[in-house]
Each structure stands twice: as structure tokens, then as C-alpha cells.
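Hi everyone, thanks for coming.

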Amino acid sequence: MSLTVFGLEWRLSWGGLELLSLFKTYAGLSRDIYYLCLARTINSTGDFVFSLITLVLTLQMGMNVVSAGIFVSMAALISGPGVLLGGYLSDLMGKKTIIVIGQLLSAIMIISCSFWSGTITVGYLLIAVMFFISITRPAYNALIIQLCTEEKERKSAFSLMYLGANLGIAIGPLVAGFFIKDHVNIVFISIGTVFLISTFIIINQVKIGTRKELAPTSSEHAGQQQEQQRSSQPPSPLFRLLLKNPLVAFFIVVSFLNYFIYMQYSFSLPLQMNHSFGENGAAYYGSVMTINAISVIILTTVILSATRKLTALNSIATGALFYGIGFGALNLLGYFPHFSIVALSTVLWTIGEILVQTNINLYIASRVPDTHQGRFNGLLLFVGCLGYTLSPYLTGIFIKSMDMESVWIIILAFSLFYALCMIILWYIEKSSTKKSETEPLEFSKSI
């Protein structure tokens, strides 16, 4: 393992395999990417609005769980139109512009909560915050794609963004937990301030179109002129573009399975903990989340180094297999109710999470022109919202129809099917390599 600290390089070899250190793994990215990831990390420390809605309405206002659940459901439902609108506006107005507008409005809304503390207005304001946060999501993804020119560079950038976001998500709720019951206004103002700091970094440090490029040849110059003409035109209808690019459409539709499977960690897993460990279930589930967080922080860089040469589809397929093995292992709790099985399972499905979540945007990135990245990322996130929304309902039906442990066999089957779909998609493209090399150009011409 190679580690560079203050200019000194330390190496540790594991069977001849040298894994790059965190800093070296993410070296070579543009300055704009580093600042964008820093802004996303800072922003994510206050990005736990779902939990905040529940805690504020139940702890501060004494609302019952059912009523609070309605507000959480409203926030989840509004995220779908939010990511679609954010993707469309990103292509129309610019990715950076939408991020700035969305985060500024989120900051204003969440700071406003401190003026209506203790009233039902806070619930509606937090729903609005969730909407404006969702608008920024496709813009972040599309901006990374715009700032990175090569797939390996994009893979590192998305991995760094994912790692930073998880660090922020781990820190934010932990700190807020000390203040939310007795000093909720401090939490509101702090989250708003965090959003403002993140926005300030993006405004001042993330520059669009500042990267130096080689002088284009005459043919490239003509292509650039055509691209500029296309980008100055109103965005083309999304579904017409999907029909002209069936492989991209297939990828987005099948990605529903990713979000459906991944949602099991927050719905079926706590139910399984209660089923297997009784009154200690909640404590064990907290331990699962800790193992997940630690695994993400430790393994993200290692996995990026080990899979750097894999294509996005191969990485996703591998991640789906780890999903299946990890969640499927929980079926063993019906025979051996030991937490060691849960711990091992958590590490395995976390590896799947890292592989899938850091690569899922890469496939679209290389097959969609920059003028349409926002909308396609928005559509992918919208499919994700559907997966997150329908997963608890459909899984609940499965649990009601059979015993708890058997549900994990179904999740294993879904994971294997998801992996198979990615392999089929990879095989189709590999079998027509020459055609796929010109596919991005043909895509842009079809617009």
C-alpha cells in the first residue's frame, strides 16, 4: 500500500498488490472538481432534511408518528418533480446556476424555519427545502461530467464526491443531535449557514470553461460550431431522445432495481433486526449504520483503486453481485441469529453500494452530450425516487406474504437479475465496438 504524507511515501505490499493512498488516488483532478466536491461535502452536513422533518414534528411539536409520516411522504414525492425540473433547467440555464439558485433558496427556507419554530409552518418549509435540494442533484452530477473529459477522471471525481457526501452525512446528524431537542433554532440557522458557505465556494471557486484546450482542427472547429448552434437552441423533448437511444433508456429503466435493492437497508433491515434480536434490535441496527459508515470511509478509495480499469457497466454488475451476496446472507439469520452474520453482510452490501453509486452516472456521461446531461441525470434520479418510494410498499407485501428471512432471497434474485442486465448491456456494446465508438457523435447528431 502506498501512502504519501507530507512529501514522504510509505509503501505496504499486500501479496504484491499496491493500493494507492487517498491523496494519490484522487490526484490529477481539476481545481474546480476539488472545490465542487468540497462544497458538496460541506453542504451534505446539513443534508438530512428527511430525518429533520420527523424529529422536529415529533419531538418539538408532539405530532404523532402517522401525521409526521405524511409530511415525510410529501417531501419524498416532491423530490421526483424536483430532480426532473432541476435536470431540465440545468440544460437550459447552466449547471452552476441551478446549484447556486437551489442552495440559496434552500438556505433561505431553512433559516426561515427559526422564525416559525413550534408551528406547522416548519413542516411545509422543510418540504420546500427538500424540493430545492432535489433540484440541485442532477446539476451536481452534470457539472462533474462537464468538468471532466475522460471516464477515469469522472470515475475518480464521482468517487470523491460520494466519499465527501458520506462524510458530511455522518457528521451533520451527529452534531445536530445534541441541539435538536432544546435548541432547534440553532440547528436551522446552522444548516442554512452551511448551505450558504457551500454556495459561496461554488460561486467563487468553481469556474466553468476555464480549462485550457488545444487549438481545434478545421473539422473539429466545424463540429464545435454545430454543437454551439445546438446548445443555443431550446432543449429537445426528453422522451424523443430516449426512443432514439434505446440502450440508454434501458439502462435508466433497469436502474430502478438499484434503488429498490438499496432501500432495503433502511426498511427491511431494521425490521429484520427487531425480528431476530427483539428489544435489542434498534441498538443492533445502529451498529449496522456505524459499520456501513466506517466501511464507506475506509473502502471507497481502495475499491476505486482496485476497479480503476473496469468499465462502468462491469463495476455496476460487480456491485449488484455484492448487493445480492450481502443482503442474501441475511437469510441465514433464520438458522443462525448471530450479529456476526449481520456485520459481514453489511460490509458486503456496502461494497456493492460503493461500486454502484460511484459508477451509475458514468454510463450516461459518455453517451449523452453535455447539452442534455442535466435532463438525463434528472431522469435517472427520478427513477431513483420511484425506487425509494415503491420499495418499502412492495417489500412490505413480500414480508406479509412470507416469513421475514425469505424476503432476502427475493432481494438476492433481484440483485442477480440487475447484474445480468448490466452484463447483457455490456455484451451488446462490446459486440458492436466500432459502432459504439461513434455513438456519442451519432447521439448528438440525432438531436
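Let's start with a pair of helices, H18 and H19: their axes come within 9 Å and cross at roughly 135 degrees. Keep in mind that what you see is a predicted model. So how do H18 and H19 sit relative to each other? At that crossing angle they are oblique to each other, because roughly antiparallel would take an angle over 145 degrees. On the H18 side, the contact is made by Thr395, Phe398 and Ile399, and on the H19 side by Val407, Ile410 and Phe414. Sort those by class and you get five nonpolar residues, one polar and no charged ones.

Let's stay on H18 for a moment, which covers residues 373-401, and find Ser391 in it. Is Ser391 buried or exposed? It's buried, because its relative accessibility is 1% and the cut-off for buried is under 20%. Which residues does Ser391 touch, if we skip those up to four places away in sequence? They are Phe260, Met263 and Gln264. With Gln264 there's also a polar contact, side chain to side chain, at 2.9 Å.

Now back to H19, residues 407-431, and over to another partner, H11, residues 246-254. The axes of H11 and H19 come within 11 Å and cross at roughly 170 degrees. That makes H11 and H19 roughly antiparallel, because the angle is over 145 degrees. From H11, the residues that meet H19 are Leu247, Phe250, Phe251 and Val254. From H19, we have Tyr418, Cys421, Met422, Leu425, Ile428 and Glu429. By class, the contact of H11 with H19 has nine nonpolar residues, no polar ones and one charged.

Here's a handy bit of background. An α-helix has 3.6 residues a turn, so residues three or four places apart point the same way. Hold on to that as we look at H8, residues 184-205. Its buried residues include Val184, Val187, Phe188, Ile191, Gly192, Val194 and Phe195. Further along H8, Ser198, Thr199, Ile201 and Ile202 are buried too. H8 has 22 residues and reaches 32 Å from its first C-alpha to its last, close to the 32 Å expected at 1.5 Å a residue.

Why do we say H16 is largely enclosed by the rest of the structure? Because 14 of its 19 residues are buried.

Leu104 is in helix H5, residues 95-112, and it counts as partly exposed because its relative accessibility is 34%. Leaving aside neighbours within four places in sequence, Leu104 is in contact with Leu196 and Thr199.

Past its neighbours within four places, Met93 is in contact with Ile98 and Ile101.

Let's zoom out to finish. The protein has 21 helices and two strands, and buried residues make up 49% of its 447 residues. Of the contacts with a separation of 6 or more, 82% are between residues 24 or more positions apart.

Notes
Residues numbered from 1 in each chain as written. Predicted model: local features only at pLDDT ≥ 70, side-chain atom pairs only at ≥ 80, totals over all residues. Heavy atoms only, no water. Helix = DSSP H or I, 4+ residues; strand = E, 2+ residues; numbered from the N terminus. Buried < 20%, exposed > 50% of the residue type's maximum accessible area, 1.4 Å probe, protein only. Polar contact = N/O pair within 3.5 Å; in protein donor to acceptor, adjacent residues only side chain to side chain. Contact = heavy atoms within 4.5 Å. Axes fitted to C-alpha atoms, helices over the stretch in contact; angles between N-to-C directions. Parallel < 35°, antiparallel > 145°, perpendicular 65-115°, else oblique. Nonpolar A, V, L, I, M, F, W, Y, C, P; charged D, E, K, R; others polar. Expected span 1.5 Å × (residues − 1).
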